[in-house]
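This briefing concerns the structure shown below. Please keep it in view while reading the points that follow.

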Amino acid sequence: MNGKKGSIEINIPSITNTKLPENKKCGEVSALGKGWILSIWEVCKEDSNRVIFSLKVGLAVLLVSLLILFRVPYQVFGSSIIWSILTVAIMFEYTVGATFNRGFNRALGSLLAGILAIAIAELALSSGRIAEPVIIGLSIFIVGTVTSFMKLWPSLVPYEYGFRVILFTYCLIIVSGYRMGNPIRTAMDRLYSIAIGAIVAVLVNVLVFPIWAGEQLHKELVSNFNSVADALEECVGKYLDDDGSEHPEFTKTVTDEFPDEPAYRKCRSMLNSSAKLESLANSAKWEPPHGRFRHFFYPWSEYVKVGAVLRYCAYEVMALHGVLHSEIQAPCNLRITFQKEIQDATNDAAELVRCLGKDISEMQRSLKVTLLKRVHGSTERLQRAIDMHSYLLTSTYEPPDNNTSKPQPKLSLTLSTTLSNLSNQLVELPELNSNPPSPPPGTIPPLQTESYHEMMRKQSRRLYSWPSREVDAVEEEGGFSADFIPKMRALESTATLSLATFTSLLIEFVARIDHLVEAVDELSKLSQFKQEAL
């Protein structure tokens, strides 16, 4: 019927075409499932304590649930035993110290709420049936107002959970006791159930693969030392190896979060770990002597102080990273001029930071006099190199003297882009000194102008200045005129000063290491680290 007027064409899909989308959908579901499994495996592999913590919570909840599943315990405690499950779910924390802290707040808050509820309930019962609900309602309002205000008091912020426990425990006891007609019995049943849940949570957390907050704090601080040392070496290495040929836009690198710089990402995450260190230190104070931390009143607060000093050192590393990815960059050959001094100072500083972290990890106290002198020596050599070659960090163009018979060419280390250009200048230097024709008065020497023009042509992407500009665009506008060269030289001097910024930040990092050594030494004294054998 195709081709006839008014005909209708009906397309019937084949069986193979209808099955393909189903197969494709099954494949997508299978791939999604594999992705979930891999992600879960990576999370578990990153920190196995997460799996242990989850299993411990499940075990604790199971133990208190058996009191309800078995008939005898349920007949003794009644429906109030459900509070033990609630206590385990709320009180069980990741570390032992946090569990003790939460348990103390829970126990003290429940005890105070129970005593207050019994007192108010007895007062309400003695006042008569009419005044009883009024007194109970007014007491709930007062307790809610006072506890909510007190938990916002700055000095009472660590006990915020305790005030919250007082509020909801008091309200539940006083209201349920009013309806059941026996507030004292109700309050005692609640307290017994809370005590059972707290005891189960503490025993499971301490006896079954305990996760100590002190040990976590110790490992976290040592890891931060290694992260700072790795990030320092990574930033300096990239800065010295960068030849300027491939310099991605800053907005793109920020969007990608610098995927090729893992040490920098660790250092950045370390800067955000101050709250974590303080939380672990507060939890560790509640823990009994354990493991390598065997004496009472262990100075956990000193770990926070050392972390703060180390964080200030990490700020300098972040500043070095900012210079590494800044728009204004010093020439590659200028960086190579000071490469040895910069590399020596970096290696010595990173080694000292790692040794400090190793001492904390092994809990030993060692004198770092030799290594500290080496760091200071390499830093002083860098400072002397910068001082002796400070002329390279400023504009090197000077108009020729008109009274001389021949120009005095200068070898500019800041103009060449690569080492090959520098070697070409060294080869051409004797030719420049061999009787060149005297330029007319008031003009720029053509040989020097052409040499500068040739050097700037070899820059592949951008000038030693900001904003970046293609060299070919400058040539299309008529080349480098006599008025344009001084401006270009000033912009070039600004670019070379970025190297001075980088070296000053590195020297400042070394200066802050002195404070880090003092903080670690104070920690080793208060923590009674063992003295390293000489």
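Does Phe 502 count as buried or exposed? Phe 502 counts as buried, because its relative accessibility is 0%; buried means under 20% relative accessible area, exposed over 50% and partly exposed in between, with a 1.4 Å probe and protein chains only.

The model is predicted: local features need pLDDT of at least 70, side-chain atom pairs count only at pLDDT 80 or more, and totals for chains, interfaces and linings use all residues. Residues are numbered from 1 along each chain as its sequence is written, and side-chain values use heavy atoms, with hydrogens and water left out.

**Overall composition**

- The protein has 20 helices and 2 strands, where helices (H or I, at least four residues) and strands (E, at least two) are DSSP runs numbered from the N terminus.
- The protein has 534 residues, of which 39% count as buried.
- Among contacts with a separation of 6 or more, 80% are between residues 24 or more positions apart; contact means heavy atoms within 4.5 Å.
- Helix 2 (residues 49-69) has 21 residues and spans 30 Å from its first C-alpha to its last, close to the expected 30 Å at 1.5 Å a residue; the expected span is 1.5 Å times one less than the number of residues.
- The buried residues of helix 2 include Asn 49, Phe 53 and Lys 56.

**Surroundings of Phe 502**

- Phe 502 is placed in helix 20 (residues 484-526).
- Leaving aside neighbours within four places in sequence, Phe 502 is in contact with Cys 235, Val 236, Tyr 239, Leu 320, Val 323 and Ile 342.
- Val 323 is 179 residues from Phe 502 along the chain, yet their C-alpha atoms are separated by 6.5 Å.

**Glu 287 and Ala 284**

- Glu 287 lies in the loop between helix 12 (274-284) and helix 13 (300-324).
- Glu 287 is buried yet has no salt bridge, and the nearest side chain of opposite charge, Lys 56, is 9.8 Å away.
- The side chain of Glu 287 reaches the backbone nitrogen of Gly 214 at 3.3 Å.
- Beyond neighbours within four places in sequence, the contacts of Glu 287 include Thr 95, Val 96, Trp 212 and Gly 214.
- Ala 284, in helix 12, is buried because its relative accessible area is 1%.
- The C-alpha atoms of Ala 284 and Gly 214 are separated by 4.9 Å, although the two are 70 residues apart along the chain.
- Not counting residues up to four places away in sequence, Ala 284 touches Ala 213, Gly 214 and Trp 300.

**Salt bridges**

- The count comes to 14 salt bridges, each being a side-chain nitrogen of Lys or Arg within 4 Å of a carboxyl oxygen of Asp or Glu.
- Glu 215 forms a salt bridge with Arg 292, with the closest N and O atoms 3.3 Å apart. Glu 215 lies in helix 9 (residues 213-241) and Arg 292 in the loop between helix 12 and helix 13, so the pair ties together parts that are 77 residues apart in sequence.
- Asp 230 forms a salt bridge with Arg 354, the closest N and O atoms being 2.5 Å apart. This pair links distant parts of the chain, with Asp 230 in helix 9 and Arg 354 in helix 15, 124 residues apart.
- The side chains of Glu 233 and Arg 354 also meet in a salt bridge, at 3.0 Å from N to O.
- Arg 354 is partly exposed, with a relative accessible area of 27%.

**Aromatic pairs**

- A search of the whole structure finds 11 aromatic pairs. Rings of Phe, Tyr and Trp (its six-membered ring) pair if their centres lie within 6.5 Å; planes under 30 degrees apart count as stacked, over 60 as edge-to-face and the rest as tilted.
- Phe 149 and Trp 153 form an edge-to-face pair, 5.9 Å centre to centre with 65 degrees between the planes.
- Trp 300 and Tyr 303 form a tilted pair, 5.6 Å centre to centre with 35 degrees between the planes.
- Trp 300 and Tyr 303 both lie in helix 13, 3 residues apart, about one turn of the helix.
- Phe 293, Tyr 298, Trp 300 and Tyr 303 form one aromatic cluster.

**Positive phi values**

- Most residues other than glycine have a negative phi.
- Phe 297 has a positive phi near 55 degrees, and Phe 297 counts as exposed because its relative accessibility is 81%.
- Met 363 is not a glycine, yet has a positive phi of about 55 degrees; Met 363 is buried, with a relative accessible area of 11%.

Methods:
Lys, Arg positive; Asp, Glu negative; His and termini not counted. Polar contact = N/O pair within 3.5 Å; in protein donor to acceptor, adjacent residues only side chain to side chain.
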